[in-house]
Amino acid sequence: MIAKISGGKDTAGLIRYLFDTKKAKDHTDPHLVASWDGFAPDPGRTDDFGAAKRLLVADLDLHVKQARRLGRAPEKHTWHCSIRAAKSDRHLSDEEWAHIARRVVAATGIAPEGDPDGCRWVAVRHAPDHIHIAATKVRADLRTARHWNDYLTADHELAAIEKEYGLFQVVRGDRTAAERPTRAEQEKARRAGHDKTARERLRTTVRTAVAAASAIEEFVDLLGHLDGVLVEVVHFPSGDVRGYKVAIADDAQGPIWYSGSKLAPDLSLPKIQERLASMGPQPTGQAGRRRPNPWHQATAAAERIPHHFDQPDDQASQGHLAAFGEALDALPLVTPQTVRHQLREAATAFERATRSRIRADHHHARALRGAVRAMLREPAPKDGAALAMFLDAAILVVIAAARWHQLRHHDQQVAAAHQTLVHLQAAYNQAAAVPLAALVQRRPPQQTVDRHIYYLRRAVPDHAEQVVEDPAFGALTAVLAEAEAAGHDPQQLLHQAADQRALDDADSLARVLTWRIQRLSARSVPSPRARAAQARSTAAQHTGASVPMTAVAPAPQHPAQARGRSR
């Protein structure tokens, strides 16, 4: 159930609207279902509609007029609350709607239960799926009703009613969502042929500029060079930036300006400054040393985020969510046209999951932010493998984010994460197709494949046959062979890849393992001592006990393994 609450000055106009059936074509059989004393005149159930309406208005306004003579009546004295059930809900009876109305006026402070001096109110039903509560805000003791925060209290009461009545339970927010476009904005966008409003388009534009900037001066400069966007920057007398406003340049009716805070709570200038200041100086490459691949750095940073979610520092976790949201905002700038739409939709959906009532500590996410900025300053990879790797890690982050939000009862953020997952999975499927096909072409000889199957059955015994039958198995054997040629232990890589991500919900186990192993094999080859430590750790994880050094001696346990190590 959804409640909408507003105020006004005209009791007669409000009652006239609620009982109107001529101008409002969707109003059918308007009538009262409840009132403050149960005896209010009902214009919908009398032959003399005009007389009954005037009498009802007079009764509702009685205390308002008395308070006005004493100079104590509020200017906006009407209180209007509409309550709408979900489309999937059953049609409630008049008695059920009456009970709901009484609970809402009591919860909001309009007419507290057991208070004889409560405000006068009526509940009108003129459609099967909703009612309207009309009240005047002056009590019988001529004091103004205390209905502060009435929307939240009504929403909480409706959440309880949904459970009690077995109705659809609406996903509720925590007041950190971006402001929704008004109906006028939506209609204006529709007339102009746009699928999104100016506010929504500007929100995406500003978020992309934040994701690309490393300092507030660069952010302002990026906004100033964007096509189709007007920017107005306000400065202090010292020359420092005080704030900014943006508008769509091609607005036929003249620009409508939005400050950053009107686009989203985290796009105000102070919030942006806080995020950018947390980045610190960006590292520069040293002469004679190979520059690290920023895509691999971003993927590695993203891989660590689910582990951060398991820690008790919620502010750090919120900071990682914000940084990951920036990474999704930036991806469309450096990815092929074929996947940009899905990535933009993913970034737009995840935007809601980046905020909650928990204050973000942005200093914990420097690595990902720095890697994303470095990605934007280098040519995009041509083979698509780097993007597929990052998206594979991103899917894991979104799954973990949904779980993190769910544990904290952030319902809207959970829904946003699930929506993001749909778009990321679609983008991943497109991005991975070509590089996977190229890997399949490099499938190693059957003797090597047989050895890899042996390793696979030891690493993931419950999933081995499914992986072998997967069309992407050839790609997996190719990356295992290339990793082994580079000096890595393929069996250890398989164990690490399987342990770092649950495989039960994966669409393609072979593809998941392929990208995981390719990322792991991009790291430096571990020393013999490190490989022995890895083997002991893996064995301990799978046996539940510590393993002595002799248990991981290099003696092979399979003839094919011996042949492989002798090469």
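Reader: Where does Arg54 sit?
Author: This is a predicted model. In it, Arg54 is in helix H2, residues 49-69.

Reader: Is Arg54 buried or exposed?
Author: Arg54 is exposed, with a relative accessible area of 56%; the cut-off for exposed is over 50%.

Reader: And what separates the C-alpha atoms of Arg54 and Arg16?
Author: A distance of 9.7 Å, with the two residues 38 apart along the chain.

Reader: Step back a bit. How many helices and strands does the chain have?
Author: The chain has 22 helices and eight strands. Of its 567 residues, 50% count as buried. Among contacts with a separation of 6 or more, 72% are between residues 24 or more positions apart.

Reader: Now helix H10. How many residues does it have, and how far does it reach?
Author: H10 runs over residues 294-309, which is 16 residues. From first C-alpha to last it reaches 23 Å, close to the expected 22 Å.

Reader: What caps the N-terminal end of H10?
Author: Asn293 does, with a side-chain oxygen 2.8 Å from the backbone nitrogen of Trp295.

Reader: Which residues of H10 are buried, and what covers them?
Author: The buried ones include Trp295, Ala298, Glu303, Ile305 and Phe309. Their cover includes helices H11 (314-330), H13 (366-376), H14 (385-407) and H20 (509-521).

Reader: Is Phe390 buried or exposed?
Author: Phe390 is buried, at a relative accessible area of 1%.

Reader: Different topic. Which residues touch the most other members in the largest nonpolar core?
Author: Phe324, Leu331, Leu391, Leu424 and Trp515, in a core of 78 residues. H14 supplies the largest share of this core, 16 residues.

Reader: Pick Leu391. What is it in contact with?
Author: Leaving out neighbours within four places in sequence, Leu391 contacts Leu331, Leu343, Leu424, Ala427, Tyr428 and Ala431.

Reader: Which residues are in the second core?
Author: That separate core has 29 residues, including Ala34, Cys81, Ala135 and Ala154.

Reader: Cys81, then. Is it buried or exposed?
Author: Cys81 is buried, at 0% relative accessibility. Cys119 counts as buried too, at 2%.

Reader: How many disulfides are there?
Author: The count comes to zero, with the sulfur atoms required to be within 2.5 Å.

Reader: Last one. Where is Ser278?
Author: Ser278 is in the loop between helix H9 (269-277) and H10. Its relative accessibility is 1%, so it counts as buried.

Reader: What does its side chain reach, and which residues does Ser278 touch?
Author: The side chain of Ser278 reaches the backbone oxygen of Arg275 at 2.5 Å. Not counting residues up to four places away in sequence, Ser278 touches His362, His363, Arg366 and Arg369.

How values were computed:
Residues are numbered from 1 along each chain as its sequence is written. This is a predicted model: local features need pLDDT of at least 70, side-chain atom pairs count only at pLDDT 80 or more; totals for chains, interfaces and linings use all residues. Side-chain values use heavy atoms; hydrogens and water are left out. Helices (H or I, at least four residues) and strands (E, at least two) are DSSP runs, numbered from the N terminus. The expected span of a helix is 1.5 Å times one less than its number of residues. Buried means under 20% relative accessible area, exposed over 50%, partly exposed in between (1.4 Å probe, protein chains only). Contact means heavy atoms within 4.5 Å. A polar contact is a pair of N or O atoms within 3.5 Å; within protein, one must be able to donate a hydrogen and the other to accept it, and residues adjacent in sequence count only if both atoms are side-chain atoms. A nonpolar core is a set of buried Ala, Val, Leu, Ile, Met, Phe, Trp, Tyr and Cys residues joined through side-chain atoms within 4.5 Å.
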